[in-house]
Amino acid sequence: MTGTGGMTNARPPAPAAPRSGGATRREPCRPAVTGTGGGLTRTEFRTRRAEEAGRYLGDAYGLSLRLGAATDGPEYSLVRTDAGAFTDGVVSLPARIEFSTDEVTDLTVVAVSAGLFERTAAGVDEQFTAGDVLLVRPGGRPCFARHTGTCCATVNLSAGLLAEAAATANPRRPGVPRFTGSVPSDPSLAALWTRTRDFVAETLASGVTSPLVLGQAGRLLAATALTVFPNTATAEGPLPADTRDATPGTLHRAIAFIDANAHADISLADIAAAVHVTPRALQYAFRGHADTTPLTHLRRVRLARAHADLKAANPGTGVTVAGIANRWGFAHQGRFAAAYRRMYGTSPGATLRG
C-alpha cells in the first residue's frame with residue numbers, strides 16, 4: 001500500500017488477551033448510560049462479539065457497515081460523551097476488524113493512538129498509525145477499512161457547528177462547508193487537532209455542564225477542523241467590505257452587545273450579526289482600534305463578572321469558586337485562577353473569603 005497518512009511499515013501491537021480465561025460472552029451487550037445532565041450524556045459500550053461491535057459502531061457514527069473478517073474474544077469498546085452539537089469518544093478495536101461503508105452522514109475526525117488503520121477510497125490506499133489524524137468525509141463516499149489492534153479518539157461535529165464556523169471563516173460561502181481532503185493540510189496540524197481534542201475531552205471529563213463552556217468547546221472543535229483540514233470555507237481571502245466596516249463605531253456597538261449578553265452562550269458570529277458586519281470585519285475592528293480580539297474581550301468581561309460575584313458572595317452559603325467560574329464559562333480552575341491573578345493580583349479564593 002501507498003501510505004498517505006503516516007508510516008507504512010509500523011507493526012501493529014498484538015491483540016489484547018481475552019478476559020476471564022479467554023471465554024467469549026454470548027449474551028447481548030447493550031450500552032450503559034453512565035451519566036446524564038446539563039446537556040451531556042455519557043455511554044459505555046463493551047462486547048466480545050465482533051459482529052455486535054460492528055452494528056453498534058455503525059449506529060454510533062452514522063455508518064452503513066458491511067462487516068468483513070473479524071475476531072470474537074477480545075473486548076471491543078466505545079466510551080462516548082454526547083454534548084448535543086458534538087460528541088467525543090474513545091474506541092478500542094483490539095482484534096482485526098474489516099468493514100465497508102456505503103454512507104457517511106456525520107463529520108467524524110479520528111485521531112489514532114495505537115495500532116494500524118488502513119483505508120481504501122476512490123482507488124487510493126492509505127495507512128494510519130499512532131499520531132495520525134484523518135477525516136471521515138460526509139457525502140456518502142464508499143470506502144473499505146481495516147482496523148488491527150486500533151485505539152482511536154473520535155469527534156463527531158454537527159452540520160450546525162460546521163456551518164457556524166464556516167460563516168465566521170468566510171461569509172461568502174454560507175452553509176455547511178465541503179471538505180476537500182481527509183488528511184491535514186500540513187502534517188504539523190495533526191498535533192493541533194490532538195491538543196484541541198484533548199483539551200475538550202478534559203473539559204467534558206471534569207463534569208462541567210455549563211452551556212457557556214459546552215458552546216465554546218463545540219465552536220473550538222469546529223474552528224479547529226476548518227483550520228486543520230482543507231475545505232471550501234477557508235480557501236478564499238477577505239472581502240473589501242471587511243476592512244471598510246472595521247470602524248470605531250463597529251467596535252463600540254460590539255462592546256455594548258457583549259456587555260449586555262456576556263451571560264449568554266454567544267459566539268463571534270452572534271456578535272457580528274448583532275452589529276451587522278461580517279465576523280472578519282468585527283475581528284479587524286477589535287484588532288485595529290482596541291488591540292485585542294472580540295472573544296478575548298468577551299473573556300475579560302466574563303472574568304470581571306466573576307470577580308464581582310466573588311466579591312458579593314457569602315462563602316457561608318455554599319457558594320464556591322468553581323461554581324462561579326463555571327457560571328461565567330471558565331471550565332478549568334487552574335487556568336481561571338491564573339487569569340484571575342493576572343488581572344486582580346490575588347486568588348479567586350482570597351476574594352471569596354473577603
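**Helices, cores and a pocket**

Modeller: This is a predicted model.

Colleague: Which residues of α8 are buried, and what covers them?
Modeller: The buried residues of α8 are Pro 279, Arg 280, Ala 281, Leu 282, Ala 285 and Phe 286. Their cover includes α2, α5 (240-244), α6, α7 and α9.

Colleague: Just after α8, which residue takes a positive phi?
Modeller: Phi there is about 55 degrees. The residue just after α8 with that positive value is Asp 291.

Colleague: What span should helix α6 have, and how far apart are its end C-alpha atoms?
Modeller: Helix α6 covers residues 248-261, which is 14 residues. At 1.5 Å a residue they should span 20 Å, and this agrees with the distance between the end C-alpha atoms, 20 Å.

Colleague: Why do the buried residues of α6 line one face of the helix?
Modeller: The buried residues in α6 are Thr 250, Leu 251, Ala 254 and Ile 258. An α-helix has 3.6 residues a turn, so residues three or four places apart point the same way. Seen down the axis of α6, the buried residues line one face because they fall within an arc of 95 degrees.

Colleague: Which exposed residues sit on the face of α6 turned away from its buried side, and which helices does the buried side pack against?
Modeller: The face turned away carries the exposed residues His 252 and Ala 260. The buried residues of α6 pack against α7 (268-274), α8 (279-290) and α9 (294-312).

Colleague: Which element supplies the largest share of the largest nonpolar core?
Modeller: That core has 31 residues, and Phe 86, Leu 157 and Trp 193 are among those with the most contacts inside it. Elements supplying at least two residues each include β7 (107-121), β10 (143-157) and α3 (189-205). The largest share, seven residues, comes from α4.

Colleague: How many residues are in the other core, the one lying apart from it?
Modeller: Leu 251, Val 277, Leu 282 and Val 301 are among its members. The number of residues in this other core is 27.

Colleague: What is the volume of the largest pocket, and which residues lie nearest its centre?
Modeller: The volume is about 1,300 Å³. Helices that each supply at least two residues of the lining include α2, α9 and α11 (333-344). Of the 41 lining residues, those nearest the centre are Gln 216, Leu 220, Leu 295, Thr 296 and Arg 299.

Key
Residues numbered from 1 in each chain as written. Predicted model: local features only at pLDDT ≥ 70, side-chain atom pairs only at ≥ 80, totals over all residues. Heavy atoms only, no water. Helix = DSSP H or I, 4+ residues; strand = E, 2+ residues; numbered from the N terminus. Expected span 1.5 Å × (residues − 1). Buried < 20%, exposed > 50% of the residue type's maximum accessible area, 1.4 Å probe, protein only. Arc of directions from axis to C-beta. Contact = heavy atoms within 4.5 Å. Core = buried A, V, L, I, M, F, W, Y, C linked by side-chain atoms within 4.5 Å. 1 Å grid on protein atoms, 1.4 Å probe; cavity = no way out; pocket = protein on both sides within 12 Å on 5 of 7 lines; lining within 4 Å. Points joined across faces, edges and corners; volume = space filled by probe spheres on them.
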